[in-house]
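Open the model in your viewer and keep the selection panel at hand. The tour goes from one side chain to the next.

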Amino acid sequence: MPEEIRERQRQAMRRLGLAAMAIMAPENVCWTVGVLVPSQKTVRHRHAVVLVPRDGEPELLVVNVEEGYVRAHADVARVTAYNEFTQKPMLLLAEAIRARGLRGRVGVEAGYLNHTDYVLLEQALDGVAQLVPIDDELAALRMVKTPAEIARLRRAAQVAEHAAYAGLRTWWPGMTEADLGRRIADAFAAAGGDTLTMLSVTAGERTPMLNGPPTAREIRAGDVVRIDVIGTVDHYVCDVARTAVVGTPTPEHEALWQRLVDCRALALEMIRPGASTRAIFQTYMEKMDAWGLPTLHFLGHGLGLTLHEEPYLNRYTDTTLAEGMVLAVEPLVVFPTLGMQLEDAVVVTAGGCDVVTCRHDATRLWRMEPGAAP
């Protein structure tokens, strides 16, 4: 998979007149060489950098304490380790650029680097190379997934869907949001999930609190329960939201859910190569406004190695959809004391789109049935 991605990067370098790209953000390093360097996100000075020349082999610079792990998992042969206490990764990167004889324009993630490191690298390459920001270019390249990436995103979404319904299967008197959260987390791990990066579990009056974590609040008979399962599987992100009712839903609940189901169907019908993301969003908002339903100015986002990626389904950007894009489509309604959400993973295909999270019927409002506590 990474070699296909690196070839896309080389094509972009030829188009932009770059001699090389220095890939630095954790998700872009993983995308480029197939390994997420364990401490890179939490210890910011431990830079991992992939130097991808327009011509020649890539080279990965990594802190020495993680050299063994990286050598075992990365899809590159050249790995250079450094001591974080005695060496500066930006100076090592400059040395590698000089050693390769690279001259001219070198792409860097200017939006990721802090000012000190950017200036250090710029000064170290004075007279040799000019730094060119490539953050937007990398984001654009990542929008269309490779077949291998789509396979991973499919599996991630299906693990999240399984965990959601495993958690919502039963309810018992005294059950709390935290109890439900633990059931979801256990099911997610058992199905092969890496980690839950953000699990939202809200019941009753808390359901409008988007991204609200589970609490000790008891889930009572008749409550609406909204969950959003966000995590990673093999480094790729899943984001699946569902809504349920404990027992029998009211006619109002059923009617609101049907509105969300109808909006999802409307969006899915429009999602296809060549479609405008803004047009899809606008159609959604016109429908919600006609019904007088309060929602966010947002219908969905791209999925990949991070939670929110381009393209977005909103009024602020307009992207032409292409085959291979993967989206999270999430119509929702938020009243002051009631929130409902329906979120699915969708792959843009040659003839339209494919809903990945379709193992369970989401067209009906799920009912949490009474059962015994585990």
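## Starting at R206

Select R206, which is buried at 12% relative accessibility. This is a predicted model, and all values below are computed from it. R206 sits in the loop between β8 and β9. Show its surroundings: leaving aside neighbours within four places in sequence, R206 is in contact with E177, V201, G212, P213, T215 and R217.

## From R217 to E205

E205 and R217 form a salt bridge, with their closest N and O atoms 3.0 Å apart. Both residues lie in the loop between β8 and β9, twelve residues apart, and the pair links distant parts of the chain. How accessible is E205, and how accessible is R217? E205 has a relative accessibility of 40% and counts as partly exposed. R217 is buried, because its 12% is under the 20% cut-off.

## Across to helix α7

Next select R152 and D234. The two form a salt bridge in which the closest N and O atoms are 3.1 Å apart. This pair, too, links distant parts of the chain: R152 belongs to helix α7 (residues 147-168), D234 to the loop between β9 (224-233) and β10 (236-246), and 82 residues separate them. R152 is partly exposed, at 26% relative accessibility. D234 is also partly exposed, with a relative accessible area of 34%.

## Helix α1

Move to helix α1, residues 2-16, and select E7 and R10. Their salt bridge has its closest N and O atoms 3.5 Å apart. Where do the two residues stand relative to each other in the helix? E7 and R10 are three residues apart, so about one helical turn separates them. E7 is partly exposed, with a relative accessible area of 28%, whereas R10 is buried at 8%.

Now widen the selection to E3, R6, R14 and D75. Together with E7 and R10, these residues are linked in a network of salt bridges. To put the stops so far in context, the count for the structure comes to 22 salt bridges.

## Aromatic pairs

Turn to the rings. How many aromatic pairs does the structure hold? The number is three.

Among them is the pair of F281 and Y284, whose ring centres are 6.4 Å apart with 55 degrees between the planes, a tilted arrangement. F281 and Y284 both belong to helix α10 (residues 277-291), where they are three residues apart, about one turn of the helix. F281 is buried, with a relative accessibility of 0%. Y284 is buried as well, at 2%.

Another tilted pair is made by F298 and Y312: the distance is 6.4 Å centre to centre, and the planes are at 50 degrees. Select each partner in turn. F298 is in the loop between α10 and β11 (300-302), while Y312 is in strand β12 (residues 309-313), so the pair ties together parts that are 14 residues apart in sequence. F298 has a relative accessible area of 16% and is buried. Is Y312 buried or exposed? Y312 counts as buried, because its 19% is under the 20% cut-off.

Methods
Residues numbered from 1 in each chain as written. Predicted model: local features only at pLDDT ≥ 70, side-chain atom pairs only at ≥ 80, totals over all residues. Heavy atoms only, no water. Salt bridge = Lys/Arg side-chain N within 4 Å of Asp/Glu carboxyl O. Helix = DSSP H or I, 4+ residues; strand = E, 2+ residues; numbered from the N terminus. Buried < 20%, exposed > 50% of the residue type's maximum accessible area, 1.4 Å probe, protein only. Phe/Tyr/Trp six-rings, centres within 6.5 Å; stacked < 30°, edge-to-face > 60°. Contact = heavy atoms within 4.5 Å.
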